[in-house]
Amino acid sequence: MNAADALKSIAQDSMRAEPIVFEIGDTVKVFVKIREGEKERIQMFEGTVIARRGSGVSETFTVRRVSYGVGVERVFPVNAPAVDRIGVVRHGKIRRSKLYYLRDRVGKAAKVKELIKK
């Protein structure tokens with residue numbers, strides 16, 4: 001077994017069993033496990049997915065929300081054990097692969113229209 005095969009097998013073990021289905025522009029709830037000393041709790045982060053990058057074990061996505069008038073962005077690895085689950089609240093109607101332009105928008109202009117599937 002060469003080094004490339006060993007890396008592939010380690011990456012396969014780190015991947016999620018079932019893929020998480022969400023797209024750019026979706027509003028999602030990310031449930032993250034937080035360790036505080038001996039205790040572990042789950043904290044929710046809700047916002048709009050503005051970017052996805054990478055593939056395989058190193059795939060990440062960026063979630064943005066406005067909290068008390070300040071824009072907050074967090075980058076989550078898709079396959080991290082700290083990410084408990086991801087729930088899609090609503091699907092967004094978008095036309096680009098990265099929504100970085102939302103950083104410059106304020107108020108209603110910073111919202112993504114909802115995609116209504118028929």
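Biologist: Which residue forms a salt bridge with Glu 36?

Modeller: This is a predicted model, in which local features need pLDDT of at least 70 and side-chain atom pairs count only at pLDDT 80 or more, while totals for chains, interfaces and linings use all residues. Residues are numbered from 1 along each chain as its sequence is written, and side-chain values use heavy atoms, leaving out hydrogens and water. A salt bridge needs a side-chain nitrogen of Lys or Arg within 4 Å of a carboxyl oxygen of Asp or Glu. With its closest N and O atoms 3.2 Å apart, the partner of Glu 36 is Arg 41.

Biologist: Is Glu 36 buried, partly exposed or exposed?

Modeller: Buried means under 20% relative accessible area, exposed means over 50%, and partly exposed lies in between (1.4 Å probe, protein chains only). Glu 36 has 46% relative accessibility, so this residue counts as partly exposed.

Biologist: How far apart are the closest N and O atoms of Arg 64 and Glu 73?

Modeller: Arg 64 is buried, at 16% relative accessible area. Glu 73 is partly exposed, at 29%. The two form a salt bridge, and their closest N and O atoms are apart by 3.0 Å.

Biologist: How many residues apart are Arg 90 and Glu 114?

Modeller: Arg 90 forms a salt bridge with Glu 114, at 3.8 Å between the closest N and O atoms. Arg 90 sits in strand E5 (residues 83-90) and Glu 114 in the segment after E5. The pair links distant parts of the chain, and its separation is 24 residues.

Biologist: Which residue joins Arg 64 and Glu 73 in one network?

Modeller: Side chains of opposite charge can pair when their charged atoms come close. Here, salt bridges share partners. They join Arg 64 and Glu 73 into one network with Arg 103.

Biologist: How many salt bridges are there by this rule?

Modeller: Three were named above: Glu 36 with Arg 41, Arg 64 with Glu 73, and Arg 90 with Glu 114. The count comes to seven.

Biologist: In what order do the elements run from the N terminus?

Modeller: Helices (H or I, at least four residues) and strands (E, at least two) are DSSP runs, numbered from the N terminus. The chain has one helix and five strands. Their order is α-β-β-β-β-β.

Biologist: What share of the residues in the chain is buried?

Modeller: The chain has 118 residues. Arg 64 is a buried one. Buried residues make up a share of 27%.
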